[in-house]
Amino acid sequence: MDQSELRRFEELCIQEEPPWCQASCPLHLDGRALCRSVADGRFAEARRTIEKALPLPEILGRICDAPCMIPCLRARRGGGIALGDQKNMVFSGSLIPKNGRSIAVAGGSLSALAAASDGLRKGFSVTILTFEEPLTLLLALSDRLTPEVVQRELNWLAAVGAVFRPFPADRALDDVASEFEALYIGLDAPGAAAAARGVAPLDPVSLETGHPGLFAGGDSPSFIQRAAEGRRGMISVERFLQGASLHSGREKEGPFETRLFTDISDVAPLPPSPAPPEGYDVAGAKEEAARCLQCQCMECVKRCVYLQEYRGYPKRYAREIYNNLAIVQGSRTSNRMINSCSLCGQCERICPNGFSMRDLCLGARREMVRQNRMPPSAHDFALEDMALSNSTGALLRHAPGREASSYLFFPGCHLAGGSPGTIAPLYDFLRDRIDGVGLWLRCCGAPARWAGREDLFDSAMEELKEQWASMGSPTVITACTGCLDVLRRDALEIEAVSLWTVLKDMPLPPHGPVPGEPMALHDPCTAAEMSDVRAAVRDICSSLGIAMEELPETGERTSCCGFGGLQRNANEPLADRVAAARVEENPRDYLTYCAMCRNLFARAGKRTAHLLDFLFPEAGKDSFDRPYAGCSRQRDDRLALVRALQSSHWMEENRPMEPHESIVLVMDDSVLALLEKRRIVHDTVKRLLFEAERTGASMDRGDGTFIASLRPSLVTYWVEYRPLGDGRYEVLGAWSHRMVVTEGGRRP
Amino acid sequence: MTALVDLEKYAGVTCTRCRCPLEPTKTEITYLGSVFTVDLPACPSCGMVLVPEELAMGKMLDVEKILEDK
């Protein structure tokens, strides 16, 4: 990712955009922060917020005409927040180092004094040339200002270095201005306006007058606007002294439209509590401040457990990921975050600007692979699984007795591994209804894509396309929307359709009873961009007489079950929380049409059926009854399915069993769960035991139990076991590591 | 990474092939270019090394994770 790509991502996420109050304030006071501080009773913090934004905070805090109240989102839900009435704070001066530049302001009212205040903060030596008494001018503005308040402000200006000097009535403005490096005239003081006759601001951005170094502004009915022009004028003075452009990059100095989005559709109206004539007391100010909606976007974060996990939002994540990729030495602390995104695309479909964590994280993964910085543990289990699905777990056949295919049924790994019993009746049904349907068991390549392994993905796609062409380029019918998504994105020459759109147009098979109670329908994330598939599923459900409820986030806004993007491989605790959050959204039983979603919701303890469970029920089995199929069972079921179909449909001899496959493992539930948790598949255990017996390489604990190890590729597996005779072994424990033990222990 | 394994615990374990009791042995383990030395039970005859569960799933896993994020 280069800088410009980072900028493109950052630009899309609007979470850091200012709230409406701040964007519309001519001085950009952060009203959201102010309300938060006041509502919480943190008044010192509130003072700092005001002081940071406002020149003459004592005065403006009391008399601001609060243009922020108009765009305030609360205005649409009861009434804008009375920010102006909340500012009743005390300020103290501080010494500011001087930078040696000598400038002046002319006029003793809001605009010139605001300019002076800003000039002092910029380090200028500021002379305030007065025509009338500032105290008199300011007191005339509003009866909210008392002599004490105004004097405090004037004292502060003097304390930080402002020099008050009457404007010499006998001299021309030009002449006086020549004493200083630059001059700002505040036109809201009558004397200054008179002296400046003929010196009008020519440009509303810079307030320049046609006399170099002479700026003028403040001729506005709005107090806050007068002060804002003072600020604008002082920025021009600074730019003038630096020789910088007076115009460039000043678009957001005055009020502007924020790009922030805040959903207020669920916000109940709450009218303001008006300030009494003497102003708010503490309780009143807190109550009013608490009405602030604390505007922010967070639309994607609110709905995504993954985005919540790292306590930020996409713009911040884009920066973190960019930094992570740029690290040469030191810890890459964002690796896990990058690998934990489910790549489901929900955020980009919710975001007003289409920010895509999927593009961000997938791009980052590809870059990590290219840099050889991808943690090996993140994805290799899934990639091994994919390799198995595309070797011993694969099957490609024309329909029995046929030598050509118009269609190929592509069930996908998870249906084959999660509900193998469904495949044969479903395939037979399709063959019955459609002429020339072949069968294709293999992996679509999604794991390689998700892992950022473009090399593996490209070669898998090449093989897939070759196999498809070898069958006469038939239309592929996928049961899994994930497979369909891959084919539609990356195998454009393959015509691929969803099983659900195919089934929708057929008389449905005779099926068993469906639940009388409604079920909540979960759309898999891979169907989010397939409205035709989602509609077909709903049609089929209604044909079956299934009553459905939609989940809060459904259709194109649906969320992932925790499998997508190999989230579960990279971050299992997070994936568990993702599934748990989804199944808690509705107390009803769930219905879905993705084998992986069904499996993971079952794992999360939710009664969840696959739509195929109702169309092709297994005799005597409750559709909701199938337990979670772990990684070992999925692999074993996939291989068994290939064997079963070869025998039943094509009368073929099965691949000969490998010797280790006949080993029988005996283990209790706790060991089974341990193996599942540690992703140690039973086939590996059998292979290990077979090798240990064959070579005799094991460790004898002297009590009839042994320990042996095997390193088939990147992981060393250890098993503690007790031989039971006749090829049966009790497994007592198993563990693994990636570190390589060199032969340092061997004696010469 | 020395003394990470309670070697006493494996005192009674023998190498099935060589019939030798395992002995604490300085062993090199490597990952992603980093090398560590640790005392592990090993067969004094054939050199076969035992990596106990508590080491593999404890400190070793921690170090693997740290190295993977380097």
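Residues are numbered from 1 along each chain as its sequence is written, and chains are lettered from A and ligands numbered from 1 in the order in which they are written. Because the model is predicted, local features need pLDDT of at least 70 and side-chain atom pairs count only at pLDDT 80 or more, while totals for chains, interfaces and linings use all residues; side-chain values use heavy atoms, with hydrogens and water left out.

Rings of Phe, Tyr and Trp (for Trp, its six-membered ring) are taken as a pair if their centres lie within 6.5 Å; planes under 30 degrees apart count as stacked, over 60 as edge-to-face and the rest as tilted. Over all chains, 14 aromatic pairs are counted by this rule. One of them is the edge-to-face pair of A:Tyr306 and A:Tyr310, with 5.9 Å from centre to centre and 70° between the planes. Accessibility is classed as buried (under 20% relative accessible area), exposed (over 50%) or partly exposed (in between), with a 1.4 Å probe and protein chains only. A:Tyr306 has a relative accessible area of 3% and is therefore buried, whereas A:Tyr310, at 26%, is partly exposed.

A:Phe706 and A:Tyr721 form a stacked pair, with 5.9 Å between centres and 25° between planes. A:Phe706 lies in strand β17 (residues 706-710) of chain A and A:Tyr721 in strand β18 (residues 716-725) of chain A, so the pair ties together parts that are 15 residues apart in sequence. Strands (E, at least two residues) and helices (H or I, at least four) are DSSP runs numbered from the N terminus. Together with A:Tyr729, A:Phe706 and A:Tyr721 form one aromatic cluster.

A charge is taken to sit over a ring if NZ of Lys or CZ of Arg is within 6 Å of the ring centre and within 35 degrees of the ring normal. The charged end of A:Arg635 sits over the ring of A:Phe381, 4.8 Å from its centre. A:Arg679 also lies over the face of A:Phe381, at 5.7 Å from the ring centre.

In chain A, helix α3 (residues 31-39) packs against helix α4 (residues 43-53) at an angle of about 165°, and their axes are 8 Å apart. Axes are lines fitted to C-alpha atoms, for helices over the stretch in contact, and angles run from 0 to 180 degrees between N-to-C directions. The angle makes α3(A) roughly antiparallel to α4(A); angles under 35 degrees count as roughly parallel, over 145 as roughly antiparallel, 65 to 115 as roughly perpendicular and the rest as oblique.

A:Arg231 is found in helix α11 (residues 223-242) of chain A and is buried, at 18% relative accessibility. Apart from neighbours within four places in sequence, A:Arg231 is in contact (heavy atoms within 4.5 Å) with A:Leu27, A:Ala53, A:Leu54, A:Pro55 and A:Asp118. A:His28, in the loop between α2 (20-24) and α3 of chain A, is not a glycine but has a positive phi of about 60°.

Chain B has two helices and three strands, in the order β-β-β-α-α from the N terminus on. Of the 70 residues in chain B, 44% are buried.
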